[in-house]
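User: I'd like to learn how to read a few features of a protein model. Could you take me through them one at a time?

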Amino acid sequence: MQAIAVIPGKPDSVHIAELERPTIDTVPDGRGVLVEVLQVGVDGTDKEINAAEYGGAPPGYDFLVIGHESFGRVVEVGDGVDKLKPGDYVTATVRRPGNSIYDRIGHYDMTTDETYYERGINLLHGFLTEFYVDEPEYLVKVPDTLAQVGVLLEPMSVVEKGIVQAYKIQRRLRLWRPKKALVLGAGAIGQLATLVLKLRGLDVVTMARTPPPHLKSELVAELGARYLSTEEKELGEVAEKHGPFDIVFEATGVSWIAFKAMEVLAKNGILILTSITGGDEKVEIPGDQGNLDFVLHNKVMFGTVNANREYFELGVKDFAHAQSEYPGWLPKLLSHPVEGLAEYEKMMRLLTTEKQAVKVFLQVKPLNDG
Ligand code: BGC
Ligand code: ZN
């Protein structure tokens, strides 16, 4: 079967690789699940992997099959599988457990291991192929009613984790009723963060580079949030007018903005960092003032990566909620479809050059001819 792969360490090496079709007996105790891939989304991580800034090949291979945002249909299950059956729609978690204590209790997204294993990113093949086999533990069932947007559940899981962690951390305050949030970035993660914060009842300002109107600004407005362009407004100005912000969710992929965001947090506020920045940009920051402000006002800044199945399941619930609250909104995030694995060059081109794309995704097979 065909797969879209890169040679880690070699820039622009994306190509079609041949893989053997996997079988369920590669997983012991009859726990194998064979999934046919329907859709796979791509993001900044795939861009960085193809730029040789990130990622590693599985042992024994010189290539890595990319793609970690998956949506597929179960075609076969082993004797030991009872919660999934052929025909079920599923998405898959990305990271697989290592050895740290967190890995052993199902919180592999919190691993302290030096080496981490992520499908399509590091040391494990991803989903941009025709079939894959995995264990039920890493497969999350997607209700038929959400099939159209199931491919968005992986980025959603990353957002859910960030926001859940923020609320958990803020339990330090005994009483915390966040009212205003700022989301930086209006790509898929920024849009989904805006959605979740709106569903939690906050007033949300979402900022990204390009002045409105365009798809990204319209999507933000449809949620009842406010879109502002960083080219037209300084962060400080925005905070004066619409802040200060109890929650800032950073998802621009640009590291200096993460540090700039420290300056617009409310007292006791929390800054969530989610951008994967594989380069080596340096930034100069007002160290004394920034530090003093964080100390004097009990502020928090934390990083969050990946997500375990708990956050995928929460994503499923919030997607159902979003469908009733903002009908028709989620499918609009799927702005740039690409048909068929053979179109991998087009996929990469859209991913690297189409600034207005919210989500570029590859349609491996039609959703409904199973
Ligand atoms: C993925 C995460 C992953 C992270 C770091 C992100 O693009 O969505 O699942 O943990 O990259 O590799
Ligand atoms: Zn990702």
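Analyst: Let's begin with one strand pair. β7 and strand β8 (residues 117–119) run antiparallel, joined by two bridges. Within that pairing, Arg-96 has Tyr-117 of β8 as its bridge partner. Keep in mind that this is a predicted model.

User: What is the strand order in the open sheet with antiparallel pairing?

Analyst: That order is β2-β1-β4, again three strands. Its edge strands are β2 (15–18) and β4 (64–65). Strand β1 (residues 2–6) and β4 are antiparallel and share two bridges, with Val-6 partnered by Leu-64 in β4.

User: How do I read peptide bonds? Where is the cis bond that involves Pro-213?

Analyst: The bond from Pro-212 to Pro-213 is cis, with omega near 5 degrees, and Pro-213 belongs to the loop between β13 (203–208) and α5 (215–222). Another cis bond links Gly-243 and Pro-244, where omega is about -5 degrees. Pro-244 lies in the loop between α6 (235–242) and β15 (245–250).

User: And phi? What is its value at Ala-52?

Analyst: Ala-52 has a positive phi of about 65 degrees, though it is not a glycine. You'll find Ala-52 in the loop between α1 (44–50) and β4. Asn-306, also not a glycine, has a positive phi near 60 degrees, and its loop runs between β17 (300–303) and α9 (309–325).

User: Is Asn-306 buried or exposed?

Analyst: Go by relative accessibility: under 20% means buried. Asn-306 has 6%, so it counts as buried. Ala-52, at 27%, counts as partly exposed.

User: Now the whole chain. How many helices and strands are there in the protein?

Analyst: Eleven helices and 19 strands. The radius of gyration is 20 Å, close to the 21 Å that the globule rule gives for 370 residues, so the protein is as compact as a globular protein of that length. Of those 370 residues, 54% count as buried.

User: What share of the contacts join residues at least 24 apart?

Analyst: Take contacts between residues at least 6 apart in sequence: 71% of them join residues at least 24 apart.

Key. Residues numbered from 1 in each chain as written. Chains lettered and ligands numbered in written order. Predicted model: local features only at pLDDT ≥ 70, side-chain atom pairs only at ≥ 80, totals over all residues. Heavy atoms only, no water. Pairing = 2+ DSSP bridges. Helix = DSSP H or I, 4+ residues; strand = E, 2+ residues; numbered from the N terminus. Rg over C-alpha atoms; globule rule 2.2 N^0.38 Å. Buried < 20%, exposed > 50% of the residue type's maximum accessible area, 1.4 Å probe, protein only. Contact = heavy atoms within 4.5 Å.
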